[in-house]
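Please consult the sequence and the structure shown below while reading.

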Amino acid sequence: MTQPTEDRRALLQNAALDAAERGWHVFPLRPGVKRPALHREERCPRTGACAGGHRKWEQRATTDPDRIRAAWATGAFNVGIATGPSNLVVVDLDMPKGKGSSDAPCGATTFGALCERAGQAVPATRTVRTATGGTHLYFTAPPGIRLTNTAGTLAPLVDTRAHGGYVVAPGSATPAGTYTVEDDRPPVPLPEWLCSRLARRHASRGLSVAPVAVGASRRATAALNAETAAVAAAFEGGRNARLLAGARAIGRFVAWGDLPRDVVEEAFQEAGEASGLPPAECRATIRSALNWSIRTARPREVA
C-alpha cells in the first residue's frame, strides 16, 4: 500500500469517526463512488452482523468507533451517512445534467424560488458542497413524523433523503470531485413549512391520484398502491427487477389515460429509493419500463 493511499484511508476513517461523534450512523461506500461497499443479499454469509439474516446498509450503519475503525482499516472507503437512523433530513440541491443543461436552473435556484414563494428565507444550516457542485442542506428530523425519500417533490432538482436514504459525507471523493463542508454549524430543525409540504405529500401518497377515466379510478389507484408498496419492500438483489416489473404493470394505466405519467414516475421513484436503490438508477429503470409498457399496451377493451 502506498503512502498516499494510506493517507487517504486515514482521512476517510477520520471523516467517518467525525460523523459518528455527531450521532450520525455511517457505513462504507465503495472507494471513489457512491455505492454501498457492503455485501449483497445473494452473497450474504449469514455470519457476524448477518447471523440472524441479511442486514442491509441502513441496518448496519453505526456510530460505534471500534466498528468504524475496523471497517476503514481495510480500505479507503467513502463514507455514507444513513439519514433515517441519524435523525436527519437532507435536502439535496442537484445540478442539471445532460446536453443543453447549461442554461437550465439548478436545484439551488429552484429551491430558492420555492422559499421565496413561501415567504421564507433559504434556511441557514449545515451545508455540504457535493462532488458535482450541488448542495446538501442538513436538518434534524421532526419528532413523531417518519419522512422518507423524495425526488423532485418540492421542486425540480430538489430531492430529500430521510428514512431509507443516505448521503455521502464530506471528505469522500468521486472522479467528479470531493464533498466539502461549506457551513459547519449544527443542523437546525427542518423548517415547519418544509415539513408540512413533505408530510402532506407522504400522507397523500397513493390516495390523491385523480385518474382521468373515472370508471377505472379505483382499479388504477389500487394497482399503483400495491405495486409501489411491493417495490418499497423489495430485498437487495431483486429491487431493480421488482421496480421494472411494477412500473411495466402500471404503464398500461398511463397509456389508457387513467393515471398521469408524472404521478406514476414520482410514486415509483419514492418507492425505489425507499428500498435502497440509487436515485439515478430508479429514474432510468422507471423511464425505460413506462416507455416499453406504453408502447406495447393493448387497448383497454381487449386487455
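## Packing of H7 and H8

At what angle do helix H7 (residues 239-255) and H8 pack, and how far apart are their axes? The angle is about 165 degrees, and the axes are 10 Å apart. Axes here are lines fitted to C-alpha atoms, for helices over the stretch in contact, and angles run from 0 to 180 degrees between N-to-C directions. H7 and H8 are therefore roughly antiparallel to each other; angles under 35 degrees count as roughly parallel, over 145 as roughly antiparallel, 65 to 115 as roughly perpendicular and the rest as oblique. The two helices cross in a right-handed sense, that is, with the near helix turned clockwise from the far one by less than a right angle.

On the H7 side, the contact (heavy atoms within 4.5 Å) is made by Leu243, Gly246, Ala247, Ile250 and Val254, and on the H8 side by Arg261, Val264 and Phe268. These residues divide into 6 nonpolar, 1 polar and 1 charged. Ala, Val, Leu, Ile, Met, Phe, Trp, Tyr, Cys and Pro count as nonpolar, Asp, Glu, Lys and Arg as charged, and the others, Gly among them, as polar.

## Basis of the model

The model is predicted: local features need pLDDT of at least 70, side-chain atom pairs count only at pLDDT 80 or more, and totals for chains, interfaces and linings use all residues. Residues are numbered from 1 along each chain as its sequence is written, and side-chain values use heavy atoms, with hydrogens and water left out.

The protein chain contains 9 helices and 12 strands, taken as DSSP runs numbered from the N terminus (helices: H or I, at least four residues; strands: E, at least two). Of its 303 residues, 47% count as buried, where buried means under 20% relative accessible area, exposed over 50% and partly exposed in between (1.4 Å probe, protein chains only). Among contacts between residues at least 6 apart in sequence, 74% join residues at least 24 apart.

## Packing of H8 and H9

Helix H8 (residues 261-274) also packs with helix H9 (residues 279-296): their axes come within 9 Å and cross at roughly 140 degrees. That angle makes H8 oblique to H9. The crossing of H8 with H9 is right-handed.

H8 contributes Arg261, Val264, Glu265, Phe268, Gln269, Gly272 and Glu273 to the contact, while H9 contributes Pro279, Cys282, Arg283, Ile286, Arg287, Leu290, Asn291 and Ile294. The contact of H8 with H9 comprises 7 nonpolar, 3 polar and 5 charged residues.

## Aromatic pairs

Rings of Phe, Tyr and Trp (its six-membered ring) pair if their centres lie within 6.5 Å; planes under 30 degrees apart count as stacked, over 60 as edge-to-face and the rest as tilted. The count is 5 aromatic pairs. Trp57 and Tyr166 form an edge-to-face pair, with ring centres 4.9 Å apart and planes at 75 degrees. Because Trp57 lies in helix H2 (residues 57-60) and Tyr166 in strand E8 (residues 166-168), this pair ties together parts that are 109 residues apart in sequence. Both Trp57 and Tyr166 are buried.

The pair of Phe253 and Trp256 is likewise edge-to-face, with centres 5.7 Å apart and planes at 85 degrees. Phe253 is buried at 1% relative accessibility, and Trp256 is buried at 16%. Ring pairs also link Phe27, Trp57 and Tyr166 into a cluster.

## The Cys115 site

Cys115 belongs to helix H4 (residues 107-117) and is buried, with a relative accessible area of 1%. Leaving aside residues up to four places away in sequence, Cys115 touches Gln120, Ala121, Val122, Pro123 and Trp193. Cys115 and Trp193 are 78 residues apart in sequence, with their C-alpha atoms 9.5 Å apart in space.
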